[in-house]
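User: I would like to learn how to read a few local features of a structure. Please show me the general idea each time, then the case at hand.

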Amino acid sequence: MIIINNYEEYKSHEGKVLGVSQWHQIDQAQINKFADATLDHQWIHVDEEKAKNEGPFKSTIAHGYLTLSLIPYLWKQIADVRNVKMEINYGIENLRFGAPVLVNDEVQLEATVKSISNLRGTVKATITAKLNVKGNNKPVYVGDVVFLYHFNDK
């Protein structure tokens with residue numbers, strides 16, 4: 001776990017891998033809850049029998065957006081950004097999905113600080129997020145997530 005207290009500390013990590021999260025297993029219950037929350041009940045995600053017999057992966061798979069929604073949870077295992085008044089999820093850039101996450105797969109986030117800039121008191125952090133599946137060399141996705149931070153005055 002990296003602790004970051006201000007812009008200068010964040011800037012010192014620019015261009016470096018910050019670390020990796022713990023492994024998180026995505027089970028069918030989580031997939032079903034996500035389907036209910038997003039109203040996306042496509043059979044490849046929720047119909048275990050059809051996915052097993054007719055699907056290309058012989059298993060249900062997690063929604064791509066479910067795997068994206070894990071970024072804040074997994075990010076907090078890598079970096080503890082302290083002394084902030086406000087943190088905003090600003091956007092995602094250049095993200096591509098490269099591999100599916102089958103039910104009961106374990107995923108882990110790897111985070112690299114791509115760039116840090118101070119925009120008149122607002123710190124813009126661009127973090128390259130790579131989600132890996134245990135036992136698979138191809139990442140689920142790679143893309144840049146952008147956070148905005150308003151640090152407390154010193």
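Analyst: Start with how elements are named: helices and strands are DSSP runs, numbered from the N terminus. The model shown is predicted. In it, N6 sits in the loop between β1 (2-4) and α1 (7-11).

User: Is N6 buried or exposed?

Analyst: Buried means under 20% relative accessible area. N6 has 17%, so N6 counts as buried.

User: Which backbone atoms does the side chain of N6 reach?

Analyst: A polar contact is a pair of N or O atoms within 3.5 Å. A polar atom of the N6 side chain lies 3.2 Å from the backbone nitrogen of E8. The N6 side chain also reaches the backbone nitrogen of E9, at 2.8 Å.

User: Where does A62 lie, and why does A62 count as buried?

Analyst: A62 is in the loop between α4 (48-54) and α5 (64-69). Its relative accessibility is 8%, and therefore A62 counts as buried.

User: What is A62 in contact with, beyond its neighbours within four places in sequence?

Analyst: Contact means heavy atoms within 4.5 Å. With those neighbours left aside, A62 contacts I26, I31, H45, T67 and V101. A62 and I26 are 36 residues apart in sequence, yet their C-alpha atoms are 7.4 Å apart. Not counting residues up to four places away, I26 touches residues including L66, L70 and V107.

User: Which residues touch the most other members of the largest nonpolar core?

Analyst: That core has 36 residues, and those touching the most other members are Y10, I26, W75, V81, I127 and Y149. Elements giving two or more residues to this core include α2 (28-38), α5 and β8 (141-151). The largest share, six residues, comes from β7.

Technical notes
Residues numbered from 1 in each chain as written. Predicted model: local features only at pLDDT ≥ 70, side-chain atom pairs only at ≥ 80, totals over all residues. Heavy atoms only, no water. Helix = DSSP H or I, 4+ residues; strand = E, 2+ residues; numbered from the N terminus. Buried < 20%, exposed > 50% of the residue type's maximum accessible area, 1.4 Å probe, protein only. Core = buried A, V, L, I, M, F, W, Y, C linked by side-chain atoms within 4.5 Å. Polar contact = N/O pair within 3.5 Å; in protein donor to acceptor, adjacent residues only side chain to side chain.
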